[in-house]
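Let's take a walk through a protein structure together. Have the sequence and the 3D view open, and follow along as we go.

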Amino acid sequence: MDQSTPFNDRLVLNPTHDHMADKYDDLDTEFEPQLFSSLERHLPRHLLDASRDTKHERMQQILRRYSTKEECHRRIFRDPYTLNPKIFFQPTFLEAFRAKGKNLVTSIRSIMSEPVPGVYTFNMLNLNFCEKLIYEVKHFEAWARNTDSSILRPNTGNEDGVSLDDIGMKATLNKLMEDYISLISRVLFPDVGGCSLDSRHGYVLQYGKDKAIKEVSDLHVDDSEVTLHVCLGNQFAGGELVFGGQRCKDHVNGGTHIEKDLLPVGGQAIIHRGCRLYGAKPIKFGHRYNFLMWFKSSVFRELQAHDKGFKDFCDECQSQKSARRNEWVAAKKRVEEMLLLESLSKDYYESCLFSQCCFYGFNVVCYYDVMLLEHRMFAFCDFLYDGMLFVGK
C-alpha cells in the first residue's frame, strides 16, 4: 500500500520520544504553535522526516476535524479565559465582596445605585479587560470568516453577537455566576429565583448606527430570571437603554410606558429582573459593545409553573388584580345597600316614629310618616304633619 494514503498518515498512539520536533511559532496558524510541536511526535515515522510545511498541513487537517471552535482559533489574550479578580474587576467591586456574613449584604448594597425602581447600576469590569474582550471577540469573528466556520449567535434574530461559550469562556462565566452574580441576586432579587440561579447564557452584542432598537414597540423581556449588562467601552454616542415595567409571559406585549433612559458607561454594570421591559435607542455614531448575561433558576421556574402567586412581580397582573379587587369591593357595597334598603323598607311600613314633647304645658304627640322614594335609594322626606292631639293636664 502506498505510504501517502490517508490510512498510513494517521497518528500513532505512542509518541516517538527521541524525535526532535520542529518549531512553529513563526507560522500564521489558527492553532497554538506548541500544539503542533507536541502532536508532531505522534505522526507516523514516514512523515517525521518530511518538510515542516507538509507536517504542518497534515496536523492542521487533523486538528480541524476533531477540535472545537474555541480550540481552533488562536487566542490573542489569555485574561478572558481565566477569571482573575484583580484583572477582571474594578477595586470598588472587589472590596464589596471581601465582607463576610451579614456585612456582605450591606457591602453589596453600598456599591449599588437604583436610578429606576428594581434596576441597579454599579462599577464592575476593569476597562483594560473590557478592551481585551472586544479584541478577542473581533479576532474570533475574523477567524470564523476566514475559515468559513459557523458562529453560535445569541439568538436567531441577532446576527451581531457572539456567544462567549463558543470562544472558550465557559469556565469563566460559570465562576462569575457562582462567586459574584449569585450573591448579588440573592440580595436584590429573591422574589424571582435570585437565591437559586443554576444556569446562564453569556454573549457580546455589537450596536451600530443600523443595529439598535429604534421604536418603543421593540421593548422586550428576556428569557431569564436576572439579566446583567456591562458596557465594554465609551467610543460611541447615543444607545441609551430604555426601561419599562415588569411583565410575566402572559403580558409581555401589554403596555409600553417608558420609565427612564440610562446611558451605558464603560465598565459599568446594569442588573435587573429578566421580566423587565427594556430596549435600546439608536447609536448616533461609533459602536457600542455590550457584555450581556442571562441567569436562570430551574427551581423558580418549576414553582412558577404550579403557583400563580409567583406572578405578583408583573405590573400588569398587579393592575388587573387591583381592578378586580375594586370591582369586588364596589359590588359588595351595592349588595349591602340593597339588603339595608330592604330591611328599612319593611320597618317603614310596619311602624312609625313616636315622639312626645312638652309644649305650653300640654302633652303633644306627633306622628310622622316616612316615605320610600325609590328602590336602591332612600331618604327621609320632610316630616308630614298629620295632626296633633292636645291633651290637657
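Predicted model: local features only at pLDDT ≥ 70, side-chain atom pairs only at ≥ 80, totals over all residues.

Three strands make up an open sheet, and their order across it is 8-7-10. The pairing is antiparallel. At the edges sit strand 8, covering 260-262, and strand 10, covering 276-280, and each of these pairs on one side only. Now look at strand 7, residues 241-246, where it meets strand 10: the two pair in the antiparallel sense over four bridges.

Is L262 buried or exposed? Its relative accessibility is 9%, and because buried means under 20%, L262 counts as buried. Who are its contacts? Leaving out residues up to four places away in sequence, L262 touches P115, V119, T121, E240, L241, F243 and I270. Take F243 from that list: L262 and F243 are 19 residues apart along the chain, and their C-alpha atoms are separated by 8.1 Å.

Now for the aromatic rings. How many aromatic pairs does a search of the whole structure find? The search finds 12. One of them joins Y24 and F36, a tilted pair with 5.5 Å from centre to centre and 40° between the planes. Y24 lies in the segment before helix 1 (33-40), while F36 lies in helix 1 itself, so this pair ties together parts that are 12 residues apart in sequence. Y24 counts as buried, at 0% relative accessibility. F36 is buried too, with a relative accessible area of 0%.

Another pair to look up is F93 with Y180, again tilted, with 5.8 Å centre to centre and 40° between the planes. This one links distant parts of the chain: F93 is in helix 6 (residues 91-96), Y180 is in helix 9 (residues 170-188), and they are 87 residues apart. Both F93 and Y180 are buried.

Which residues do ring pairs link into a cluster? Along with F93 and Y180, the cluster takes in F88, F89, F97, F122 and F129.

How values were computed
Residues numbered from 1 in each chain as written. Heavy atoms only, no water. Pairing = 2+ DSSP bridges. Phe/Tyr/Trp six-rings, centres within 6.5 Å; stacked < 30°, edge-to-face > 60°. Buried < 20%, exposed > 50% of the residue type's maximum accessible area, 1.4 Å probe, protein only. Contact = heavy atoms within 4.5 Å.
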